[in-house]
Amino acid sequence: MPEWHSLKAYNSLSLDAKAQQLRFLSNPNDIDVWLDEASNDNLPILLLGGGSNVVFTQNFAGSVGIVTLPGIEHVSSDDAYHYIAAGAGANWHELVEWTLANNFTGLENLSLIPGSAGAAPMQNIGAYGVELAQRFEALEAIELATGRARRFTCSECRFAYRDSRFKQEPDRWLITRITLKLPKQWRPALDYASLREALPSSHPDAQEIYNAVCRVRKSKLPDPKTTPNVGSFFKNPMVSHDQMERLKNAHPELPFWPTDTGYKLSAGWLIEQCGWKGKRRGSTGVHDRHALVLVNHGGATGAEVWRLALDIQDSVQQRYGITLEPEPRII
Ligand code: NAP
């Protein structure tokens, strides 16, 4: 039997899961060949971008396609926006850096988010009060079952808080290229206190915001290269007005933010209150500077990480009656 392929280098938790087949997709022809091959061999398929939002709890008996479609370009401008396109395999942070180096502003709050440009729409990445949907024009994708290409406008992507139609329909679409629209009339997004406190003045330029976001993230979040992780392991829970009233009465110290439909809570805060911050269990654990980040201290399996996540979920449920929902995809 041919040897299976380790996925360790292709997921940011550094989990040594194996796949039956591994293919790199760097141009449209690679995608056609990969889909034909998997179909002929009757293999299930799985797509990976930067591997920064996936937890392998077991091996994958199928073919993994790693999307490496390259390229970043300024495609056009109109009165209000510059339109920037990127191949799905472009590294997200390098895309942010490229825009700033070319004087296109608007992505600075989203600096240092791990992963690829093609994965960004999956969960509508967001940080420090800006989310992808606000800077998004359209994307191109291939329907895996038919090989048909399709363009999705921003509204067709059904973006929501860390969510999209692509997250809701896993394994249906391969995103090949995204187009962003960056405003010509730039205004800094400074709603987050944690960002404001890190800035040199109350009127920063985009480069200063970029510098501050990078500095804060580096100080709080572990670098996946040295301490493997998938960033936030849980989404921030959303609760209704009624639930919020009950929670405020029982836990007056609980932080919350109003949203269009109710309130958002901080998953990290809830986990920290349950005593998990910095806890270590075998080769896995909770990061000591950010309770939302589960880490692999070396040699952890996905099953161990997932067991820890379930125990964290359980203790938040017991103490606050809130169910935390994982942010990464669990395989
Ligand atoms: P933080 O700024 O102290 O934020 C803590 C939590 O409070 C976050 O979950 C954030 O919600 C919420 N929050 C703070 N100020 C808010 C405001 N003015 N309005 C609404 N919500 C507010 O520090 P942090 O935990 O290091 O997060 C910083 C940013 O980076 C956040 O936006 C976070 O989502 C993002 N981040 C994302 C990941 C990831 O893997 N997805 C990992 C680390 C950090 P939101 O999370 O909704 O913004």
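**Aromatic rings and overall form**

F152, F166 and W173 form one aromatic cluster. This is a predicted model, in which local features need pLDDT of at least 70, side-chain atom pairs count only at pLDDT 80 or more, and totals for chains, interfaces and linings use all residues. Residues are numbered from 1 along each chain as its sequence is written, and side-chain values use heavy atoms, with hydrogens and water left out.

Q: How many aromatic pairs are there by this rule?
A: The count comes to 10 aromatic pairs; rings of Phe, Tyr and Trp (its six-membered ring) pair if their centres lie within 6.5 Å.

Q: What makes Y128 count as buried or exposed?
A: Buried means under 20% relative accessible area, exposed over 50%, and partly exposed in between (1.4 Å probe, protein chains only). Y128 has 11% relative accessibility, so Y128 counts as buried. Y192, at 34%, counts as partly exposed.

Q: How do you know whether the radius of gyration agrees with a compact globule?
A: The radius is taken over C-alpha atoms, and the globule rule is 2.2 Å times the number of residues to the power 0.38. For 331 residues a compact globule would have a value near 20 Å, and the protein has 20 Å, so the two agree.

Methods: Phe/Tyr/Trp six-rings, centres within 6.5 Å; stacked < 30°, edge-to-face > 60°.
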